[in-house]
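Subject: Structure handover

Hello,

Here is the structure I promised to pass on. Please open it alongside this email.

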Amino acid sequence: MKGTELKYEDLEGFFKGLLENNVVDALIMPHRVGNKVSYMLVRDKERIASPESVIFAPSFGVNAANVVKGWMIDNKVGIVAKPCEIRAAIELIKLKQLNEESVLLITVDCSGAFKNEDYAEHYPEIGNLVDSAKIKELEGKGISMREACAICENRLADIGDIIIARVNGKVGVAGLTDMGVEALSAVELPLEDKDLERKEEKERIVAEARKRLGELPRIDSVEALEEFLRDCILCKNCRDVCPVCYCKECFFDQPLGNPAGGDLLNLAELRGAIEVPANQLLYHLTRVYHVCTTCVACGACEDACPKGIPLTRFYPVLAQKVQEIFEYVPGKDAKEPLPFTTYEDEELEECLR
Amino acid sequence: MEEEKGDFEPKIVGFTCNWCTYAGADLAGTSRKKYPPNIRLIRLMCSGRIDPMFVLKALLNGADGVFIGGCHPGECHYIKGNFYARRRIAALRTILKQFGLDNRVRSEWISASEGDKFARTMKEMAEEIKQLGPNPMRDKIL
Amino acid sequence: MAEEKEEPEKEEVKEEEPIEEPKIGIYVCHCGINIKNTVDVDAVRDYAATLPNVVLAKDYMYVCSDPGQEIIKQDIREGRVNRVIVAACSPRLHEPTFRKTCISEGLNPFFFEMANIREQCSWVWEDKATNTEKAKDIVRSTVARSNLLEPLEEKEVDVVPETLVIGGGISGMYAALDIANAGYTVHLLERLPSIGGHMLQFDKTFPTLDCAACILTPRMVDVGKHPNIDLLSYSEVEEIGGSVGNFTVKVRRKPRYIVEKDPVTGAIVCTGCGLCATACRMKKIPNEFDLGLGMRTAAYLPMPQAVPACYTIDPEKCIMLTKGKCGKATLESTGEAIKRIKSGEVTVEEVKDEIPLCVATCGPNCIDFDMKDEIVELNVGTIIVATGTDVIDPALQPEYKYGVYPNVIHGLEMERLLAPNGPTQGKVIINGKEPKDIVFIQCAGSRNKQTGYEYCSRVCCMYSIKHAHLIKERIHDANISILYQDIRAYGKAFEEFYDRIKGEGINFRRGLASEVYQRPGSDRLVVRGEDTMLGEPYELEADLVVLATGLRPSDGVEKVVRLTKLSQSADKFFLEAHPKLRPVDTAIDGIFVAGCCQGPKDIPDSVAQAKAASSASLIYLGTGKAKLEAITSEINEELCTGCRTCEALCPYDALEFDAEEKVMRVNEAICKGCGCCNGACPSGAASMRHFRDRQVYAQIEALTEALAPPS
């Protein structure tokens with residue numbers, strides 16, 4: 001890959017340059033409001049200030065991909081976000097909910113994140129960026145990373161058009177696609193061959209993530225599933241914040257999936273009694289099937305659950321099992337077909353019976 | 001029904017393609033192959049029409065087993081519907097496996113000429129599900 | 001009963017309502033004793049009567065009989081029922097029967113449903129009590145579905161009574177002849193200058209040893225002269241649009257630079273006299289028909305029996321066309337001189353330095369170097385694809401040294417060496433002399449994972465056996481070995497032929513060669529391998545090695561795939577609609593496949609398939625109508641997100657993306673109603689008529705109703 005090394009404080013000039021040189025018409029990137037980190041859509045470059053203090057901040061609010069979902073526009077928007085968010089954006093490109101040509105995907109290394117409210121609350125202890133030692137230290141103080149982040153194997157930026165990596169006290173910036181390299185050239189970065197693979201570090205992260213995944217409580221029976229979803233009130237927030245749920249009108253908002261009135265009475269007559277609101281289990285099982293190939297395991301569903309159901313143990317964990325049988329990693333490459341749109345002549349027979 | 005108790009008779013809902021498995025089931029009948037009467041088929045034109053939600057719906061409604069039948073890979077009446085069906089069912093069963101529900105879902109490729117295989121599959125499936133016992137969902141208000 | 005009488009009035013009021021309230025009639029059939037013996041028919045009938053919107057339930061001995069159908073007809077006629085369920089045998093048996101019953105009384109046939117209580121109930125278990133329960137479940141599920149059915153329309157389109165046949169080999173010719181003989185216009189397209197295909201390259205045909213040219217050329221003439229056949233030789237398909245009944249096709253006619261027919265009168269202009277070829281300066285061009293074993297000129301007829309018997313000037317070889325100059329003549333001087341000759345201003349002799357030799361010698365004056373591509377537009381009702389086959393590249397197995405040693409040749413080259421109209425006039429001559437030791441290596445290219453051609457090519461065993469015989473005829477003392485892995489003599493009279501040739505002293509050895517190399521200092525070849533019968537290695541000396549190369553789809557296949565959107569099977573041959581039952585149909589209505597483009601075949605199989613394809617075409621041409629599937633998919637634009645997942649899945653390319661509205665659209669003329677799109681659509685925007693989500697859900701609910709927890 002082609003790239004260069006910058007000092008942390010050079011990032012401001014880089015992002016401003018993208019706007020200044022019309023590489024993008026706007027940027028979606030993190031900014032800071034007091035202790036809190038959230039996203040801004042910025043068109044005036046002067047509103048970008050010290051991005052290095054915020055783009056690496058271990059805080060997760062919304063998945064940035066969910067913000068741009070369905071923006072089939074001609075303007076070019078740069079998205080500066082964590083790997084899981086860019087992966088979701090790439091899945092949305094495959095699902096034609098995002099125009100590949102009109103986004104410049106800039107992936108930033110992630111150290112794992114805290115829920116945005118936890119981050120804001122503990123900002124003095126957490127600071128602008130963390131490393132694994134710091135995370136351990138915080139954990140000791142009872143400040144824990146999001147479960148989705150703890151089991152995440154893809155924290156290092158390795159997808160999108162441009163990656164911004166933290167290496168040896170500096171930042172490595174590199175283009176992964178033609179579009180990315182062109183963007184870097186347009187802001188006149190001195191490009192050279194750059195290896196930001198970081199294989200060993202990746203392996204370490206994967207090993208740690210798998211260990212943490214193994215430690216998670218399993219939902220291993222129907223009873224356990226019912227217990228797990230006991231408090232679900234079918235608010236469907238988990239769906240609304242999910243970056244890869246993309247229907248105009250969800251099946252579970254349609255009469256068949258969300259029966260009401262007479263339909264519900266008829267069902268109650270057929271079955272004697274039915275749970276209301278109806279279809280709670282069906283909703284979650286169907287939804288996990290719908291996102292099973294595209295789920296990027298960002299954990300936004302869990303953050304959004306008003307009842308505190310640890311949905312990471314459900315959505316990403318189950319989706320990963322499915323992704324394994326298709327040997328599919330969502331968000332790796334926008335050109336790769338979605339597993340349900342392709343097939344091999346001989347495959348998967350062992351999964352059928 | 002009274003079958004909840006000792007002599008448990010599973011209720012199995014089947015989704016089959018019109019051209020192969022449904023016809024295979026017909027052939028089992030025409031050739032008077034005997035198999036236990038636990039299965040009720042829903043006829044679709046192609047296994048590719050099967051939305052895994054159908055399977056979930058049947059299971060959550062208390063069906064003790066769900067059977068899916070299609071043409072042999074490469075022999076789909078609509079060229080490739082069963083290939084897509086295979087991917088969907090494989091994904092769904094992978095999910096269900098986590099809760100131990102996958103054993104209640106079985107797919108087979110049964111051609112119009114395989115009445116025998118249909119009857120055999122139904123026998124096996126009825127037996128397997130008897131071993132599993134009633135679908136735990138049966139007792140639930142869902 | 002009271003309800004029945006009220007219903008019609010309700011209808012009057014609700015005229016706006018597209019679908020009237022269901023009034024379901026259920027007819028439970030005894031099927032003699034077939035159902036009645038193991039199902040309590042009365043109990044089923046009484047149970048059915050209690051189900052939602054069931055207004056009447058009857059039973060009858062044989063519902064499918066005339067009086068049985070009459071009961072239903074009467075109930076429809078008298079307005080008692082507007083939906084019909086027959087609980088009897090399989091819909092695969094009598095659904096068409098009862099749909100007709102409904103149609104005869106003006107009821108939409110898609111308001112009919114069958115409850116299969118015979119094949120899937122009464123016949124497969126003996127206990128009457130459980131069977132009766134099962135039958136009730138089946139009926140309940142059918143009623144649930146019936147309540148939600150919608151009327152559907154079976155549309156028809158007119159069929160243009162013409163067919164396009166792509167490919168002028170034996171299959172294309174036979175398909176064209178049958179259709180033309182039935183009185184319909186056929187456009188027969190061939191990309192080469194002459195029809196005839198590979199069969200014309202053969203000497204004899206197995207197993208009967210008929211002379212290939214003798215049986216083929218009369219048919220070629222028939223094609224060329226047939227008043228209903230529009231022969232488009234030296235042409236390529238450029239575009240195919242439309243659907244069954246009316247395909248629009250653009251054909252590019254390549255310029256021959258020799259006028260075949262008068263554009264106005266249609267009279268033959270080029271007489272095929274061949275003086276241009278004799279005169280042509282370019283004499284050393286490898287002849288394609290002889291696979292480069294013989295030579296031709298730039299003005300040429302590919303073979304003496306060519307149809308049309310019109311010469312062609314090869315634009316890549318003629319120096320006038322490549323360099324603009326031939327002798328002293330240039331393109332300009334030639335054009336000018338031809339005009340003056342035609343007007344009678346000058347004689348050929350007077351301008352002989354201004355024209356090339358071919359023009360000077362051409363009596364009818366039919367050479368025209370200014371000829372351009374011509375685009376012909378056709379409208380046809382059906383298309384038959386018969387694009388044939390080519391030989392697998394023998395160099396894919398480098399161990400056999402094809403292309404390295406001139407005395408390693410492939411099967412089709414052997415045909416040309418044996419053919420009386422071939423480069424050696426049928427004498428087997430290799431390296432200037434008659435070979436004595438000849439080794440055939442079977443399965444060259446085929447049945448081989450390395451070459452990528454895993455299939456058996458079906459003709460190589462028999463053609464090698466034929467070759468062995470024909471060589472023996474010419475070289476009596478030839479010592480011939482055939483190295484094989486299995487001899488597949490599966491066809492009519494094949495085994496007998498094999499047996500006969502074995503008796504001619506041909507040495508059959510089981511075990512393919514592992515390598516071929518030249519004996520140093522000579523042109524003799526050594527063929528080494530292992531005899532798997534004896535379990536010992538062999539080493540054979542040979543003057544000639546013939547690789548029995550297999551068949552692959554012809555070079556143009558990718559283009560035809562792109563134009564027609566036909567599918568290919570894993571072996572890259574065209575995919576038929578069903579491997580057993582619909583071997584000439586394709587996924588696209590109105591497009592058929594014939595001959596080797598669908599898979600390797602011998603001549604009789606190719607002809608059989610060609611005649612099948614023409615017969616399938618004639619059904620459309622003869623009736624003039626094409627029925628469109630009524631059960632098609634539909635897109636709910638309110639729900640469609642335009643994710644295009646369904647587009648990727650549709651086996652028929654029936655779904656198109658509307659870039660303006662960002663939603664999918666269904667081409668109902670192409671949709672076959674499999675419902676793959678619906679099965680994949682998360683929001684249910686793609687919805688399969690007659691098998692809609694709500695209709696299937698209702699059945700699931702009905703079948704699981706009894707499983708509700710005991711209250």
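Below is what was found, taken topic by topic.

One point before the details: this is a predicted model.

**Disulfides**

Over all chains, the structure holds two disulfides. A disulfide is a covalent bond between the sulfur atoms of two cysteines.

One of them is in chain B, where B:Cys20 is joined to B:Cys71 with an S to S distance of 2.5 Å. B:Cys20 lies in the loop between strand 1 (12-17) and helix 1 (21-30) of chain B. B:Cys71 lies in the loop between strand 3 (65-70) and helix 3 (81-97) of chain B. The pair therefore ties together parts that are 51 residues apart in sequence. B:Cys20 counts as buried at 7% relative accessibility. B:Cys71 is buried too, with a relative accessible area of 2%.

The other disulfide is in chain C. It links C:Cys211 and C:Cys214, with the sulfur atoms 2.2 Å apart. The S-S torsion here is 80°, and the link is right-handed. C:Cys211 is partly exposed, at 25% relative accessible area.

Which cysteine sulfur is closest to that of A:Cys305? It belongs to A:Cys235, at 6.2 Å, which is too far for a bond. A:Cys305 counts as buried at 16% relative accessibility. For C:Cys102, the closest cysteine sulfur is in C:Cys89, 14 Å away, again too far for a bond. C:Cys102 is buried, with 1% relative accessibility.

**Strand 8 of chain A**

Strand 8 covers residues 162-167 of chain A. Five of its six residues are buried, so the strand is largely enclosed by the rest of the structure. What does strand 8 of chain A pair with? Strand 6 (residues 103-108) of chain A pairs with it in the parallel sense, over three bridges. There, A:Thr107 stands opposite A:Ile163. Strand 9 (residues 170-175) of chain A runs antiparallel to strand 8 and is joined to it by six bridges. In that pairing, A:Ile162 stands opposite A:Gly175. Strands 8 and 9 of chain A form a hairpin with two residues between them. A:Asn168, in the turn, has a positive phi of about 45°.

**A sheet in chain C**

Chain C has an open sheet of five strands in the order 10-7-6-20-31, with parallel pairing. The edges are strand 10 (229-232) and strand 31 (591-593), each pairing on one side only. On average, neighbouring strands in this sheet are turned by 20° against each other, direction ignored. Strand 6 (residues 162-166) and strand 7 (residues 185-189) of chain C pair over five bridges. C:Ile166 has C:Leu189 of strand 7 as its bridge partner.

**Two helices in chain C**

Helix 14 (residues 460-474) and helix 15 (residues 494-502) of chain C pack at about 35°, with axes 10 Å apart. Their crossing is left-handed. Helix 14 of chain C makes the contact through C:Met462, C:Ile465, C:Lys466 and C:His469. Helix 15 of chain C contributes C:Phe494, C:Phe497, C:Tyr498, C:Arg500 and C:Ile501. These contact residues divide into six nonpolar, one polar and two charged.

Best wishes

Key
Residues are numbered from 1 along each chain as its sequence is written. Chains are lettered from A and ligands numbered from 1 in the order in which they are written. This is a predicted model: local features need pLDDT of at least 70, side-chain atom pairs count only at pLDDT 80 or more; totals for chains, interfaces and linings use all residues. Side-chain values use heavy atoms; hydrogens and water are left out. Buried means under 20% relative accessible area, exposed over 50%, partly exposed in between (1.4 Å probe, protein chains only). Helices (H or I, at least four residues) and strands (E, at least two) are DSSP runs, numbered from the N terminus. Two strands pair if DSSP finds at least two bridges between them. Axes are lines fitted to C-alpha atoms, for helices over the stretch in contact, and angles run from 0 to 180 degrees between N-to-C directions. A crossing is left-handed if the near helix is turned anticlockwise from the far one by less than a right angle, and right-handed if clockwise. Contact means heavy atoms within 4.5 Å. Ala, Val, Leu, Ile, Met, Phe, Trp, Tyr, Cys and Pro count as nonpolar, Asp, Glu, Lys and Arg as charged, and the others, Gly among them, as polar. A disulfide is a pair of cysteine sulfur atoms within 2.5 Å.
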